[in-house]
Amino acid sequence: MASISLFLSLLLVYWSMAMASTDQASTSFIRTSCSRTLYADLCYSSLSPYASQVGHDPVLLARFAMNVTVGSLKPLSSYIASALRRTPSSSSDQELAALKDCSELISDATDQVKKSEREVTGLEGLVGTQVTWRIGNAQTWLSAAITDENTCIYGRIWGWEWWCRRRC
């Protein structure tokens, strides 16, 4: 679950800075951008394969980060759905509720990241307050996605951790 926080924190930190690109090599640009995140090594290893496509463009880097994030959320969502199917009927209401909540939260997080990606698409052609407005929207939705993920993680208090210890 650290992967979603990694990419979303990259976006939140990066967009809050000036969006000027540097004259460093594309991989250096990605390494520098990722160094500002909580999981810099994971960020770099996940995004460096796209260096030739990203170049020095912070908008493209953000869009690739969002696409990678959505890609990492899909198997997590599938895993949680599978866990729900494998949960025995003898499980407590708290355990089932935690898994169902987590499933819904990860689905919501995926939707928020996709919405953010759509918001920054075409950003290159805009100027001034239009850019600020759309980046602000994307940041808000990405922040909501991080909240959804954290809520899922801490849902273990209500049964996820117990369930996983027995079945993961």
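Modeller: Leaving out residues up to four places away in sequence, Glu117 touches Arg63, Met66 and Asn67, where a contact means heavy atoms within 4.5 Å. This is a predicted model, in which local features need pLDDT of at least 70 and side-chain atom pairs count only at pLDDT 80 or more, while totals for chains, interfaces and linings use all residues. Residues are numbered from 1 along each chain as its sequence is written, and side-chain values use heavy atoms, with hydrogens and water left out.

Biologist: Where is Glu117 found, and is Glu117 buried or exposed?

Modeller: Glu117 is found in helix 6, residues 93-120; helices (H or I, at least four residues) and strands (E, at least two) are DSSP runs, numbered from the N terminus. Glu117 counts as buried because its relative accessible area is 14%, given that buried means under 20%, exposed over 50%, and partly exposed in between (1.4 Å probe, protein chains only).

Biologist: How should I read a salt bridge, and how many does a search of the whole structure find?

Modeller: Side chains of opposite charge can pair when their charged atoms come close. The cut-off is a side-chain nitrogen of Lys or Arg within 4 Å of a carboxyl oxygen of Asp or Glu, and the search of the whole structure finds one such bridge. The side chains of Glu117 and Arg63 meet in a salt bridge, at 2.9 Å from N to O. This pair links distant parts of the chain, with Glu117 in helix 6 and Arg63 in helix 5, 54 residues apart. Arg63, at 23% relative accessibility, counts as partly exposed, whereas Glu117 is buried.

Biologist: What span does helix 6 reach, and what follows the helix?

Modeller: The expected span is 1.5 Å times one less than the number of residues. Helix 6 has 28 residues and reaches 41 Å from its first C-alpha to its last, close to the expected 40 Å. Gly122 follows helix 6, with a positive phi near 85°. An unreviewed UniProt entry annotates residues 99-126 as "coiled-coil region"; positions are given in the numbering used here, feature names are shortened, and annotations may be inferred rather than shown by experiment. In the model, residues 99-126 are 79% helix and 0% strand, with end C-alpha atoms 42 Å apart.

Biologist: How do I read a nonpolar core, and which residues touch the most other members of the largest one?

Modeller: In soluble globular proteins, nonpolar side chains tend to be buried together. A nonpolar core is a set of buried Ala, Val, Leu, Ile, Met, Phe, Trp, Tyr and Cys residues joined through side-chain atoms within 4.5 Å. The largest here has 20 residues, of which Met66, Ile80, Ile106, Val113, Leu123 and Cys152 touch the most other members. Helix 5 (58-86), helix 6 and helix 7 are the elements giving two or more residues to this core, and helix 5 supplies the largest share, seven residues. A second, separate core of twelve residues includes Val54, Phe64, Ala65 and Val68.

Biologist: What is the overall pattern of the protein along the sequence?

Modeller: The protein has eight helices and zero strands, in the order α-α-α-α-α-α-α-α. Of its 168 residues, 42% count as buried. Among contacts between residues at least 6 apart in sequence, 72% join residues at least 24 apart.
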